[in-house]
Amino acid sequence: MLDIEIDGKQVQVPPGSTIMDAARAVGAYIPHFCYHKKLSIAANCRMCLVQVEKAPKPLPACATPVTNGMKVFTHSELAVAAQKGVMEFLLINHPLDCPICDQGGECQLQDLAVGYGGTASRFREAKHVVMHKDVGPLISMREMSRCIHCTRCVRFGQEIAGVMELGMANRNVHSEIQTFVGRSVDSELSGNMIDLCPVGALTSKPFRYLARSWELSRRKSVSPHDSLGTNLTVQVKNDRVLRVLPRENEEINECWISDKDRFSYEALNSEERLQKPMIRVDGALREVEWNVALDYLAHALKDIARDHGAESIAALASPHSTAEELYLMRKIVRGMGSGNVDFRPRRRDFSSDGKRAGTPWLGMRIAEIGELDAAVVVGSFLRKDHPLFAQRLRQVAKKGGKISVISVSGDDSLIDLSAQITVAPRNLAGALAGVVKAAAALRGAAVPAGLEAVEPCEQAKAIAGSLAEGGKKAIFLGNVAEQVEQAGQLHALGAELARLTGASLGFIGEAANSVGGYVADALPTDGLDARQMFVQARRAYLLMGVEAEFDCANPQEAVAALRQADLVVMMTPFRSAAAMEYADVLLPLAAFAETSGTYISAEGRVQSVNGVCRPRGDARPGWKVLRVLGNVLALPGFEYASSEEVRDEFIPAGASFVENLDNGIALPLAPVAPAPAGGLERIADVPIYFADALARRAPALRRTRDAAEPVAYLHPATFERLALDAEARVRVRQGQGEAVLAARADAKVPPDCVRVAAAHAATAALGEMFGSINVERA
Amino acid sequence: MAILGALNPILTVGWDGGAAWRLQDYVKRGGYKALGRIFEERISPDQLIGEIKKSGLRGRGGAGFPTGLKWSFMPKDFKDGKYIVCNTDEGEPGTFKDRDILRGNPHAVIEGMVIAAYAVGAARGYNYIHGEIWDIYKRFEEALDEARAAGFVGKNILGSGFDFELFAHHGYGAYICGEESALLESIEGKKGQPRFKPPFPASVGLYGKPTTINNTETFAAVPFVLNMGAEAYLEAGKPNNAGTKLFSVSGHVNRPGNYEIPLGTPFPVLLEMAGGMRGGRKLKACIPGGSSAPVLPAEVIMACTMDYDAIGKAGSMLGSGAVIVMDETTCMVKALERLSYFYHEESCGQCTPCREGTGWLYAIVHRIEHGAGRPEDLDLLRGITANIMGRTVCALGDAASMPVQGFLKHFRDEFEYHIENGKCLVPPEVQRAGSTFFKATV
């Protein structure tokens, strides 16, 4: 440890610390702009100049390493003179248009100018003007003259997001932050640059000029999107959510959030919000009062149960629902005598149900990811499915950790990978089996039963090798690994690989309550799972937050089953054309931020949030709707006064993490690829901004590159065989449904596969996400 | 420009304006003898560094840092690749010596670099040559081919078992790339912006590896130092200012060009070698070490000897040895305006004081020159330079400030006259009479 004295205060810091680190340790504030604890040191703003004993000139605190016995003065005459000098330079070309600047009130330059700026400027020349730039729907770069060239945004791109979307071009005062010619700034993490920008140069385009920061109430919340459990600050004015910002939590999201978390709030104010309950009368949906709707619903459900048996009722909930909603949904359906409940609409294979040792989870705490020495991610569109999870792995790779990916597409994860296997979905289990067998060989263990016929490829051996070394290792199963036909096998193979290598096995989890649904037991009990409830069509369906045409593994099958049903109840915050066609009862649910509830993240962390604004129209929180429905159905045990009472029924009160997290599985290994069913094999990604009902209605997100119309990406050989060209369009067909899409050759797609996105209106008529598909020239 | 004159020359012996640059000519003049002797006599790297230290050779790029000491900073037990880099990004206005060294005697630089590589244990080297001298870059490449073919560069040099690969790297003309860490960034393919130091290149340099960077003239001197012996080299100059140095004399002299003289030679001798003042006019001022060095008035510079210590004592710097001579027809405000424009234009824009301050300095000097000066401007200029100096990432901020301070210190009256009268103290017709540029354009 090194001794250092800062402003007379003694402190000990570890070797390698900077003066800035030491100052933070003693609580001394040193003004700064370019310095950010999560970014590399640039030392370019010079605002943090401090006086160091025996140094002839002031030194930047952010970049100067502490030496033993160093004496630092952060507010001495010399230090303050240097800091004021820098502030004068920063302000000479800065517009000083605070009254009309969106950053006003939350601007670091404005704040520090109060302390270090002069009352009048000595600068009487013409100010430098920087032209504005259009960088897409998320970030406004209208007033680039305000930029102070701290390069935080540039470094964020290089170091955190993994893609340098912004750079500083030109020299001297003509230096400008800009994109490569014509590019937009909308990678899945871009919005963080808005937070990082210390001035009003990069501002939020959707939020611009809607409110001043001091008019907004800041309320705590948690992201309803991916499984990370991202902590949010939701900013509300007049009961409208106007902005979402990260709430720093080093154990979860650090200080970042994904653009989906940041901008999807716009959907809360969408025109498509369902504002009143509706029921179908004489073939047409009509708005009714809540009591009418619930009475009607209760009677209809009772009638169906009486006439056709309770098992003719099925319920499917979205894994983005709160745990309380999932729990009550299950309780109602079970109360009526049906076991047909599920919350995994995109799942196809349920062979692991009843074979699991506990609740499937990440297998480690999120914060532990940074300590990994090696990891293999199986079946994931990692960057788009889990932006911040990918970010953590990116940092691991930067520190020399070995990250490998086995997946169905060679998408660039912007991670320096040590090995990569890209195979058709039906061969995913086979590829993982190769790694398992290679790992067994490396350990000198017997070939695991069922893998005798497997031949590990070189990459599989490399992955096994990376896991065979010492240190902390992990195997992560992504969304695809849970959606393909061999999901159970992938689970079992992952468990075997974990056993052989000492790595931990984990599920990244698709949605905010992918773990929560298991904890709430929103699972079939002697009943039909999310797939079977559509294969064996039911009389009545309760859908909570699910838009079957977008959210199901086989939308064709699901929608067909809904169409033939006598009763389709949709509890949803949104209306949609499809729902208006097949739904018989529509109940408006409070959306994210409007309801209290609990999310249990991939690491099993229990996070309960409050509603932060009133629901739109007559929408009501899901737990309240279900509670009253329980009353109307005269089911016992529905006397809750709060969502906390619901929660405490299935999560021990006060628990920060749920118990019984265990990825063990008792399933024999049989990674046999199913026989090809003819045609090509479809690879369906769920585009990041179509993954849930909220994101797919956020206008700004809808204008990003990631929300572009689906394209049929074909392996170049297939593309050539079909004699396609750059202009070509193809007709893709699955079962009765088809879609006509633009076609593009893509070497990242495995042979004999075509990548056609799911969850989009253009492809909603198609079937199985990972099934056979016919492609022909349109 | 070629070498126009020399006094007790060491570096330029045998130069003939460029023709005798080839390997055979260099070898005839005793080239690569020093390198051969190192391997024959098994001189250890430590001995070699000791010899360079003893010779008192100082960096010729501008800062005058002792070369042997710089080499000794390289970590000895670092095994994962070290680098030698030659800085031929000669961008300082007034300096044009390195291009002549590469034109007239490129093999001396190559030999110097190989010896340096051996001394510090580097396996790779780059010579970063600035953008405007394409023909010189090509000549260096040609010389490199010759040296490689003759076994002076490459694997197992002269059968010694020592490997060293050397490459030329072509810059694109940014002044800032002459700053050693910006130069490294540029070689790495990045934008040329200085790095914050520490760490210094000797610990974290090119591609993060320990790197020694020297000026072209420094490397060129190394073989001669070893051939003539450290003591003889030391004695060729004066104490603490060893050896000879090339001076690029430009401005209002009859024979502008490069001159090699022993350090410690009186300035009047150099001025005489350069043919004296053009048109017999009176010397007004001289910038003795490149445009960033503070200007010295005639009476001060005439009393100086040309060496690090004397020029430093007089309040300026020897720098790269670029001697800019100005006669009585020069308007000092206009001269400073031109210099300030250069530093404003060439500031990399990375750190605040330099990016903003250099533009501000230029704007004010420009205003004064164009008759819109204000009485408070001179104090403001001084205040701005004080806020730039010592507060920037690299020395460009200082380089931009020192001329301003120098001009204001010695020629404040001309600036005041400008501000009061809105015109030059030196009448326009006198300025025109002294300007070859004006004559050429009219």
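Q: What makes B:Glu188 and B:Arg195 buried or exposed?
A: Both count as buried in this predicted model. The label "buried" means under 20% relative accessible area, "exposed" means over 50%, and "partly exposed" is in between, using a 1.4 Å probe and protein chains only.

Q: Why is the pair B:Glu188 and B:Arg195 called a salt bridge?
A: The rule asks for a side-chain nitrogen of Lys or Arg within 4 Å of a carboxyl oxygen of Asp or Glu. Here the closest N and O atoms are 2.7 Å apart, so the pair forms a salt bridge. In general, side chains of opposite charge can pair when their charged atoms come close.

Q: How do you know that A:Arg696 and A:Asp551 are buried?
A: A:Arg696 has a relative accessible area of 5%, so it's buried. A:Asp551 comes out at 6%, so it's buried too.

Q: What makes A:Arg696 and A:Asp551 a tie between parts of chain A?
A: Their side chains meet in a salt bridge, 2.6 Å from N to O. A:Arg696 lies in the loop between β28 (680–683) and α22 (699–702), while A:Asp551 is in helix α17 (residues 548–551), so the pair ties together parts 145 residues apart in sequence. Helices (H or I, at least four residues) and strands (E, at least two) are DSSP runs, numbered from the N terminus.

Q: How do you know that the span of helix α14 of chain A agrees with what it should be?
A: The expected span is 1.5 Å times one less than the number of residues. With 15 residues (487–501), α14 should span 21 Å, and its end C-alpha atoms are 21 Å apart, so that agrees.

Q: Why is α14(A) called mostly covered?
A: Of its 15 residues, 13 are buried.

Q: What makes B:Glu345 and A:Arg171 a salt bridge?
A: Their closest N and O atoms are 3.6 Å apart, which is within the 4 Å limit. Across the interface of chain B and chain A, the rule finds four salt bridges.

Q: How many residues of chain B are in contact with chain A?
A: There are 33, in contact with 34 residues of chain A; contact means heavy atoms within 4.5 Å.

Q: How do you know which residues and values count here?
A: Residues are numbered from 1 along each chain as its sequence is written, and chains are lettered from A and ligands numbered from 1 in the order in which they are written. Because the model is predicted, local features need pLDDT of at least 70 and side-chain atom pairs count only at pLDDT 80 or more, while totals for chains, interfaces and linings use all residues; side-chain values use heavy atoms, leaving out hydrogens and water.
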